[in-house]
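Please find below a note on the structure shown here.

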Amino acid sequence: MEPVTTIDGRAYPFGQKNVDTDVIIPSHWLKTITREGLGRGAFESLRTDPDNLFDSAEFSGSPILVAGDNFGCGSSREHAAWALLDLGVRAVIAPSFSDIFSGNAFKNGILTVVLPQDAVDRLAEVARTQPIHIDLEQQTVTTPFQDRFAFDIDPFRKNCLLNGLDEVGLTLAQSDVIGVFEDRVRAERPFLATGVAA
Amino acid sequence: MATTNPRTLYQKIWDAHVVERRDDGTCLIYIDRHLVHEVTSPQAFEALRLAGRKVRRPDLTLAVPDHNLPTTARRDAAGQRIAIKDAQSAQQLAALEANAPAFGIRYIGDADREQGIVHVVGPEQGFSLPGATIVCGDSHTACHGGLGALAFGIGTSEVEHVLATQTLLLKQSKAMEVRVEGDLGPGVTAKDLVLHITGVLGAAGGTGYVIEYTGSAIRALSIEGRLTVSNMAIEHGARAGLIAPDEATIAYVKGRPYAPKGADWDAAVAWWRSLATDPGARYDKVVVIDAAQIVPSVTWGTSPEDVVPITGVVPAPDSFADASKREAAAKSLAYMGLEPGQPLNAVEIQNVFIGSCTNSRIEDLRAAAAVLRGRHKAPGVKWAIVVPGSGLVKAMAEAEGLDQVFVEAGFEWREPGCSACLGMNPDKVPAGERCASTSNRNFVGRQGPGARTHLVSPAMAAAAAVAGHLTDVRDLVC
Ligand code: SF4
């Protein structure tokens, strides 16, 4: 995974609330067996409007998306994160995210920034004409107008993003601890330890 | 971990699965059961292969295709596979068929009797157990919470993480109790109950929580009804739903193919009986609902929270206090082609879908068939299908003659799968047309581009088929 330190550039002033994963990537795009190429399907239903943000000359390819409350609600499909990534989005700023979406985004190196509604509104306004700057190390979002918004992020996630660490690899390094737990389950709750044979 | 503090069901299951607790509160949680289907797994297996990684516990993993398999016949008279027309669907099925044996995972094939929707198959096979942690790359994994399992949907990177390590890194959610006291009225089902709860909490009301459903109305539900309720926990934003295992749960699990046997069974039962929330345990939030207030319910909009009683009318966007909800409601109404003030029970429908992991078990099919027996779908209903949740449900229904009831009523009787729940396979609702659907999501385009979904119970879907419009099933049968 590529490390994330700063994200700079134009931002889609999107702002819609309760944008669900079917809007981010409709289900007919889920038939792929790879992660690439989903950007074309991102926000497909909105992109039938010729004046949509995502295909506008000004915003197309922006690395930041300024979204509304409860972004990414709905299904657990990770294709939503892949679609955003393929579209070029590296960070999403919103007042809140669905839990599953923000987890999926993180695992694909997309930073999800939670800020209060008024800050998000301000950023959406600035985004119409100006770039936005996100500094993960400093945990700030700033604009050319001297706006400065600090955000919280889970320290584990921050570390993984800054260093481009792969979560599976990190956990595999703890195989022994997992093995000890499995031995305990075999002794205490054998009925959970017995599975199915192939 | 020995503790004397009273604990919730959620806390007890959580504590029993902590492999390691980190300073920031994140826990490495052991996963007991992993269900894998064809849509969210190919990229996970691919990543394992690229990194040269193995599946840690193939024996705790079960693979079954369901999401985009066509629900038409899968084998011809000679037993030869009928090719899937959609090349991408065929490719996803082929990927799972190859990946499961390559990684040593038990695979239920597309034409096996046990095949079905992951969330129907898991409980039916005794693979899903009370007190277990269960994950699947599908958000309605919450379904298994009806058995008292901590079950939730995960993304593909997490699928990969579970395959490789049998664990997930998680932060504990808050605990909410949704207590439903009293008796459900005649004609009011588990689906109406959970639609009602979704209307009360809102689509984001459960965000950050695991919800335990309690109270006499929940206790009185069959296990299948409990699976229906827990299935939709995600529709009110919760990570998972839970219903404490009781004697009914134990009776349901007993004797199923993968259920514990012998001494293991006795140990399991003893543990399951100890899981119920202790008296005095604290929830972070409690919502109390009066079961007697619930009537057969239906959605009017494009969020599952857009619930009204069938006796009600389409709400006016102005009636919502929140500005963004007003805007969303106006958009929903435009998409749905509905006018404020329109009585729901006069809304004409052209399609009926009985199926999905919410409502495709045998009791659901019996409830729908009871309404349809001796009746026929209305002329305006162009397409009506029943898609059983599994091959075993299908066989059971056929043994009871339910398939005949459906066919005589003008329904198509299909092979098991997700079908029109998400319109990935050819089962789609045409643009601009309405569908009375027993599934769990009415999002824009969920059942096909431009499709208009009204979520209802199986009995209500059957009643709508007969009437040709949404209607109160109690007028037909009560
Ligand atoms: S029936 Fe629908 S909700 Fe259930 S697993 Fe299939 S697609 Fe998901």
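This is a predicted model: local features need pLDDT of at least 70, side-chain atom pairs count only at pLDDT 80 or more; totals for chains, interfaces and linings use all residues.

**Note on salt bridges, cores and a domain interface**

1. B:D306 has a relative accessibility of 2% and therefore counts as buried. The partner of B:D306 is B:K325, with which a salt bridge is formed; the closest N and O atoms are 2.7 Å apart. B:K325 lies in helix α11 (residues 323–336) of chain B, whereas B:D306 sits in the loop between β13 (297–299) and β14 (307–309) of chain B, so the pair ties together parts that are 19 residues apart in sequence. B:K325 also counts as buried, because its relative accessibility is 16% and the limit for that class is under 20%.

2. A second pair in chain B is B:R414 and B:E412, whose salt bridge has its closest N and O atoms 2.6 Å apart.

3. In chain A, a salt bridge joins the side chains of A:R122 and A:E125, at 3.4 Å from N to O. Both residues belong to helix α4 (residues 117–127) of chain A; because they are three residues apart there, about one helical turn separates them. A:R122 has a relative accessibility of 25% and so counts as partly exposed.

4. How many salt bridges does the structure hold over all chains? The total is 39, and the pairs discussed above are among them. One network, made by salt bridges that share partners, joins A:R35 and A:D166 with B:R53 and B:E160.

5. The largest nonpolar core comprises 186 residues, and those with the most contacts inside it are A:F43, A:F71, B:W272 and B:F406. Helix α15 (residues 458–467) of chain B gives the most to this core, namely seven residues. Leaving aside residues up to four places away in sequence, B:F406 touches B:I354, B:L365, B:A368, B:A369, B:L372, B:V386, B:F411 and B:W413.

6. The domain assignment divides chain B into domain 1 (9–171 + 247–268), domain 2 (174–244 + 277–293) and domain 3 (297–477). Taken over C-alpha atoms, the centres of domain 1 and domain 3 of chain B are 28 Å apart. Contact between these two domains involves 23 residues of domain 1 and 24 residues of domain 3.

7. The size of an interface is often given as the accessible area lost when the parts come together. For domain 1 and domain 3 of chain B, this buried area is about 1,900 Å², with 61% of it on carbon and sulfur atoms. On the side of domain 1, B:T71, B:I117 and B:H140 lose the most area to domain 3, together 33% of what that side buries. Helix α4 (residues 118–124) of chain B gives the most to the side of domain 1 that touches domain 3, with three residues.

8. Which polar links cross the interface of domain 1 and domain 3 of chain B? The count of residue pairs in polar contact is 13, with both residues at pLDDT 80 or more, whereas zero salt bridges are found across this interface.

Conventions
Residues are numbered from 1 along each chain as its sequence is written. Chains are lettered from A and ligands numbered from 1 in the order in which they are written. Side-chain values use heavy atoms; hydrogens and water are left out. A nonpolar core is a set of buried Ala, Val, Leu, Ile, Met, Phe, Trp, Tyr and Cys residues joined through side-chain atoms within 4.5 Å. Buried means under 20% relative accessible area, exposed over 50%, partly exposed in between (1.4 Å probe, protein chains only). Helices (H or I, at least four residues) and strands (E, at least two) are DSSP runs, numbered from the N terminus. Contact means heavy atoms within 4.5 Å. A salt bridge is a side-chain nitrogen of Lys or Arg within 4 Å of a carboxyl oxygen of Asp or Glu. Domain bounds come from an automatic or database domain assignment. Buried area is the accessible area (1.4 Å probe) that two parts lose on being put together, summed over both. A polar contact is a pair of N or O atoms within 3.5 Å; within protein, one must be able to donate a hydrogen and the other to accept it, and residues adjacent in sequence count only if both atoms are side-chain atoms.
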